[in-house]
Amino acid sequence: VQLQASGGGLVQAGGSLRLSCAASERAFSGYTMGWFRQAPGKEREFVAAITRIGGSTYYADSVKGRFTISRDNAKNSVYLQMNSLKPEDTAVYYCAARAGWGIRAVDYDYWGQGTLVTVSS
């Protein structure tokens with residue numbers, strides 16, 4: 001599965017961005033999709049995940065209530081709507097795919113190239 005993330009950019013604190021991730025795999029609907037992020041000097045961390053048909057979602061406490069993950073299996077795409085952005089949300093954001101369910105980065109098999117989100121104060 002090849003993943004292509006897009007939608008990052010520079011935004012002021014309190015603003016919004018929508019990240020997109022397009023998958024090459026026609027079996028996209030068979031994968032759990034996740035978003036992770038990595039800030040400079042920090043380890044990659046879990047942000048959000050969504051089950052294969054989108055019936056369930058899970059969020060890191062740090063983004064709960066501000067970020068929304070969704071998917072469109074007809075378009076082989078997953079999205080991350082980010083609202084009320086904070087400077088601490090600044091990071092490279094990665095989409096990832098895996099069989100089964102989980103939120104640990106080590107369990108994800110396929111990764112996109114990342115898209116940079118910068119939130120200015």
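## Basis of the values

The structure is a predicted model, in which local features need pLDDT of at least 70 and side-chain atom pairs count only at pLDDT 80 or more, while totals for chains, interfaces and linings use all residues. Residues are numbered from 1 along each chain as its sequence is written, and side-chain values use heavy atoms, with hydrogens and water left out.

## Overall fold

The protein chain contains 11 strands and zero helices. Read from the N terminus, its elements run β-β-β-β-β-β-β-β-β-β-β. The radius of gyration is 13 Å, close to the 14 Å given by the globule rule for 121 residues, so the chain is as compact as a globular protein of that length. Along the principal axes, the C-alpha atoms fill a box of roughly 40 × 25 × 25 Å.

Two terms above have these definitions. Helices (H or I, at least four residues) and strands (E, at least two) are DSSP runs, numbered from the N terminus. The radius of gyration is taken over C-alpha atoms, and the globule rule is 2.2 Å times the number of residues to the power 0.38.

## Burial, contacts and charge

Of the 121 residues in the protein chain, 43% are buried; buried means under 20% relative accessible area, exposed over 50%, and partly exposed in between (1.4 Å probe, protein chains only). The accessible surface of the chain comes to about 6,200 Å², and 46% of this belongs to carbon and sulfur atoms. Areas come from the Shrake-Rupley method with a 1.4 Å probe; for residues, only the protein chains shown count as cover.

Contact means heavy atoms within 4.5 Å. Among contacts between residues at least 6 apart in sequence, 56% join residues at least 24 apart. The chain has 13 positive and 9 negative charges, and their mean positions are 4 Å apart. Lys and Arg count as positive and Asp and Glu as negative, with His and the chain ends not counted; each charge is placed at NZ of Lys, CZ of Arg, CG of Asp or CD of Glu.

## Pairings of strand β5

Two strands pair if DSSP finds at least two bridges between them. Strand β5 (residues 45-50) is mostly covered, with five of its six residues buried. Strand β4 (residues 32-38) runs antiparallel to β5, and five bridges join the two. In this pairing, Met33 stands opposite Ile50 in β5. The hairpin of β4 and β5 has six residues between the strands, and Gly41 there takes a positive phi near 75°.

Strand β6 (residues 57-59) is also antiparallel to β5, with three bridges. Ala49 has Tyr58 in β6 as its bridge partner. The hairpin of β5 and β6 has six residues between the strands, and Gly54 in its turn has a positive phi of about 80°.

## Pairings of strand β9

Strand β9 is mostly covered: seven of its eight residues are buried. Seven bridges join β9 to β4 in an antiparallel arrangement, with Trp35 opposite Cys95 in β9.

Three bridges join β9 to strand β11 (residues 115-120), where Thr115 is the bridge partner of Tyr93. Two bridges join β9 to strand β10 (residues 110-111), with Ala96 opposite Trp111 in β10.

## Single residues

Which backbone angle is positive at Asn76, a residue other than glycine? Phi of Asn76 is near 50°. Asn76 is found in the loop between β7 (67-72) and β8 (77-82) and is buried, with a relative accessible area of 16%. Ser84 is another residue other than glycine with a positive phi, also near 50°. Ser84 is found in the loop between β8 and β9 (91-98) and is partly exposed at 41% relative accessibility.

Ala22 lies in strand β3 (residues 17-23) and is partly exposed at 39% relative accessibility. Leaving aside neighbours within four places in sequence, Ala22 is in contact with Gln2, Leu3, Gln4, Asn76 and Ser77. Ala22 and Tyr79 are 57 residues apart in sequence, with their C-alpha atoms 8.9 Å apart in space.
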